[in-house]
Amino acid sequence: MIVVDRPEMIVVGHAVRTSNADEAEPGRGRLGALWARAGAPGAFAHVPGRVDENIYAVLTDYESDHHGSYTQIVGVAVRTAAALPEGMVAVRVPGVQSLKLEARGPMPGALLEAWQRLWKHTESGGTPPRAFTTDLEVHHPAGADLYVAVFPSMG
């Protein structure tokens, strides 16, 4: 894991509130349906001002840490969120220092492995500590990159 400066962006998409415990329990998870909706052909064709073809997942509004509830928005990066399609939300992803993890290989397994590495880092008191503010997954043809907000170094 390396620390990088993540740029600010705006993501428009669909949102759900969930927790890792809910996602691990059959019948309670909400992310599968959210991702199925995002993966449907033309799911974001009517979103104006897209900046690229990537799919983004924003994790925010953390209740506490990775054991609490959070909101996940799956969508696309846009220049401005002036005109939101019906049923979609916009979220500003702040530009902050983040741990960067790469997920390469068959999805969603490779992504889950990246998150598991991050959870282990968090639970072991790894440095820098996780901020639990706004995290970002960038899904592109080569796999996914995970940008997890950390507390800035005191220097």
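UniProt positions are given in the numbering used here, feature names are shortened, and annotations may be inferred rather than shown by experiment. The structure is a predicted model, in which local features need pLDDT of at least 70 and side-chain atom pairs count only at pLDDT 80 or more, while totals for chains, interfaces and linings use all residues. Residues are numbered from 1 along each chain as its sequence is written, and side-chain values use heavy atoms, with hydrogens and water left out.

Figure 1. An unreviewed UniProt entry lists residues 1-151 under "domain: AraC effector-binding". In the model this span is 19% helix and 37% strand, and its end C-alpha atoms lie 15 Å apart. Helices (H or I, at least four residues) and strands (E, at least two) are DSSP runs, numbered from the N terminus.

Figure 2. Helix α2 comprises residues 31-39, and its buried residues are L31, L34 and A38. These buried residues fall within an arc of 60° when seen down the axis of α2, so they line one face of the helix; the arc is that of the directions from the helix axis to the C-beta atoms. On the other side of α2, the exposed residues are G32, A33, A36 and G39. Buried means under 20% relative accessible area, exposed over 50%, and partly exposed in between (1.4 Å probe, protein chains only). The buried residues of α2 pack against β2, α1 (20-24) and β4, where contact means heavy atoms within 4.5 Å.

**Figure 3. The surroundings of S19.** S19 belongs to strand β2, which covers residues 9-19. With a relative accessible area of 8%, S19 is buried. A polar atom of the S19 side chain lies 3.1 Å from the backbone nitrogen of D22. Leaving aside residues up to four places away in sequence, S19 touches G68, S69 and Y70.

**Figure 4. Aromatic rings around Y62.** The structure holds 3 aromatic pairs. Rings of Phe, Tyr and Trp (its six-membered ring) pair if their centres lie within 6.5 Å; planes under 30 degrees apart count as stacked, over 60 as edge-to-face and the rest as tilted. Y62 and F132 form an edge-to-face pair, with 5.4 Å centre to centre and 80° between the planes. This pair links distant parts of the chain, 70 residues apart: Y62 is in the loop between β3 and β4, and F132 is in the loop between α3 and β7. Y62 is buried at a relative accessible area of 13%. Ring pairs link Y62, Y70 and F132 into a cluster.

**Figure 5. Two residues with positive phi.** Most residues other than glycine have a negative phi, and most peptide bonds are trans. D61, although not a glycine, has a positive phi of about 55°. The loop between β3 (55-60) and β4 (69-78) contains D61, and this residue is partly exposed at 48% relative accessibility. F132, also a residue other than glycine, has a positive phi near 55°. At 14% relative accessibility, F132 is buried.

Figure 6. The peptide bond from M107 to P108 is cis, with omega near 5°. P108 is placed in the loop between β6 (97-103) and α3 (109-123). T127 and P128 are likewise joined by a cis peptide bond, with omega about -5°. The loop between α3 and β7 (135-140) holds P128.

How values were computed: A polar contact is a pair of N or O atoms within 3.5 Å; within protein, one must be able to donate a hydrogen and the other to accept it, and residues adjacent in sequence count only if both atoms are side-chain atoms.
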